[in-house]
Amino acid sequence: MTVIALDLLKGFQLLYSQYLDPRGHGQHTRRLKHSVHYTCKMFKQTKHKSRDTHTWQVWALYMVLAVNFSEEQVLKQSCPPCDASELCNCSSIGLDFIPQELTDKIITLNLSHNRIKHIRSQDLQQAVNLRALLLQSNTISSIDDDSFRSLGKLELLDLSNNSLAHLSPAWFGHLLSLQHLHLQGNSYRDLGESSPFSGLRNLSSLHLGNPQFSMIRQGNFEGISVLQYLWIEGGNLSQYEPGSLKPIQKINHMIINLRNAKVFSAIVRDLLHSVTWLEVREIKLDIEKKSLVQNSMPPFKIRKLTFKDAWFTDQYISRTIVLLKEITSLQEIEAIDCVLEGKGAWDTTEIKISGQSFVETVSVINLMIPNFHLFFDLQGMESQVKQLKRLTIAGSRVFMVPCKLAKHFSSLQYLDFSNNLLVNNRLDETICEKGWPSLQTLNLSQNSLKYLQETANSVTRLLTLRNLDVSQNKFGDIPDVCEWPKTLKYLNLSSTQIPKLTTCIPTTLEVLDVSSNNLREFGLQLPLLKELYLAKNQLMTLPGAAPVPNLVVMSIRRNKLSSFSREEFESFKQMELLDASDNNFICSCEFLSFIQHQARIAQVLVGWPEKYVCDSPLAVRGVQVGAVHLSLMECHRSLVVSLICALVFVVILVLVALGYKYHAVWYLRMTWAWLQAKRKPKRAPAKDICYDAFVSYSENDSDWVENIMVRELEQACPPFRLCLHKRDFVPGKWIVDNIIDSIEKSHKTLFVLSEHFVQSEWCKYELDFSHFRLFDENNDAAILVLLEPIQSKAIPKRFCKLRKIMNTKTYLEWPLEEEQQDMFWENLKGALKS
């Protein structure tokens, strides 16, 4: 059994070397076959040795398959975007190792939030142009010393939130271009015996520390001379060797999570000449009486000190004020989200004896005082506030400042009491006569003020006040008259539930903010106003320009503005910025024409064109105003209709002219006559023939027809009966029917042709309505009498049948000689009898 186990162990070692080592991925199939063959051979050699051999065989086969499956999984764990992309994002895909297909084209490699445990020497050797390497939130516990050797261009390295138990200088020795290094959230307890950062000459920001970090030694920061940003998570930092941070000559901003007050004092002493802004978090301030500037000579460099999530008591805060006075360069102190245990029973005598403070700015934000209702009025601190220029006490439940203390803020220019508990009567006590004599800016937003007139009366005592913010109070209706400081230039009344503006608003203003109210109009006379903010109201049009002639900036965002005209826009002569975004614009043709072709619009409109969207018409809802193009019909409907009507009229005129020129009316009338004629029988029966001839003649030839031809024919023996329109047409009957009926009841049709006939409209009319019936049925029914010489060319072309007859048939010509007239009558009578 021992021999079998040893043999199988050798086999497993071979399998491990071939499969579990990622460097052996090359000849996968060949090695797998070889390994299976090797294992089976071992099975045959050991089969006879023991009955337990079968169990070992099964276990060995399982190991081979498991190793094979493991390699298949490894091969699947790749990052396709890393092939040629400059940004290779392999975050959160469950990688156990760094992908092998990295190239020199990659600039940023994100491997965060995976399961990588180890970084090997060859993993990153191809990524020579890498600028950013993100490895945070893995389980990295070991890194080969030369893993980053080829990353000479790397600028950002993030190894935070891993399992590194120590930091090796060898890791960073070749990162000559590194500027940002993140090492926080690991498990190392210290930085080692020497500096792991000695080769990082270009380092700009450094994040280090973790909950187990407990010691900083001298020499840990050797090699770093300048840092813009240093963050040390040292919540459990208990050992700090003095002088450890002194090698860093300049730190712009340093953040340190720290609970140990003694370590805090030691760090402050080391940073007096290097750090500009020191931010201390989570400290429970229990400062020793030992000086913070011991063995240090001014000038100091530290200008700003911030306490965040810190814990103070009355005793320690008094001592802190005294000790901080020694740092003569300190100009600003902040306390954010801190807790003050006590009642304000500070040792004002010790504070006063310690001398004048050089701090000019104090900010207290969200200060929690458990016994706030028992807090004293800070009497005795008057001498310490004379040099203050900026004071912020926000979110700290302040309800008043004693008038006696307020009078000693002789240099204060900026006061922020936002998000507190001030009411109007307490405000009147806080801003008393001769209080805050130099104040220029006052922020009273988010308090409990309800009466704008009383608020105005209170701040009237501030003779130098220029800027007033009373936003997010509940004023509601405001009076018509209020008294304000004559120096007031800026007034913020946003979110104060004002339904209407009145002349209570001072005319001295240059900036007015009345956003987020219920305003429906704006018509105040403010001749000096330069900036007007009307966002989130109910305005439907732009304010008039006449009351605010010097307006430079206006915001009317998120109102009910549907459009604005060229005249409204251009009336603001001084306008440089207009924010009319997020309104429900009606994209009419006039509005689009103006806003798309106004040269200044892109320079003046804030948010153009992304935040200017059509609400109607429905077809373009949601489309950017600058991208909408309406049709000609939509934009100029009346003009288009007028043009269409004019065009139709012109077409009709043209058709009438063409019809007149080419006798279209005649052809239409002839068609109608033909249709009428078709409705009647082809030929009237013989018993219906009433006349021997229907006579068609010109009125100018009536004398010859009625006095000569009628007498000759009707008095002949036997007589001929003629149909004359004057005599025989039925009165009241339609002329067309009279003509057609007369022709149909006549044996012949006699045309008395002359120049007058050709020119006679009446004769043309008769021919118009008889032409088809006469000459389509029987050309012999027509008798042509030429009263005077006439050329066939003189006959209108439309009388084509008549022209044809004259060209092909003999016609009777009235002779002027009397001796020939008897022959004419005989021929005519013969024609009528035929």
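A: Arg-727 is partly exposed, with a relative accessibility of 41%; buried means under 20% relative accessible area, exposed over 50%, and partly exposed in between, using a 1.4 Å probe and protein chains only. Arg-727 lies in helix α18 (residues 725–728) and Glu-714 in helix α17 (residues 702–714), so the bridge ties together parts 13 residues apart in sequence. Helices (H or I, at least four residues) and strands (E, at least two) are DSSP runs numbered from the N terminus.

The model is predicted, so local features need pLDDT of at least 70 and side-chain atom pairs count only at pLDDT 80 or more, while totals for chains, interfaces and linings use all residues. Residues are numbered from 1 along each chain as its sequence is written, and side-chain values use heavy atoms, with hydrogens and water left out.

The whole structure has 22 salt bridges. Another one joins Glu-193 and Arg-217, with the closest N and O atoms 3.9 Å apart. Glu-193 is in the loop between β7 (180–182) and β8 (205–209), and Arg-217 is in the loop between β9 (215–216) and β10 (226–234), 24 residues apart. Glu-193 is exposed at 66%, whereas Arg-217 is buried at 16%.

Key:
A salt bridge is a side-chain nitrogen of Lys or Arg within 4 Å of a carboxyl oxygen of Asp or Glu.
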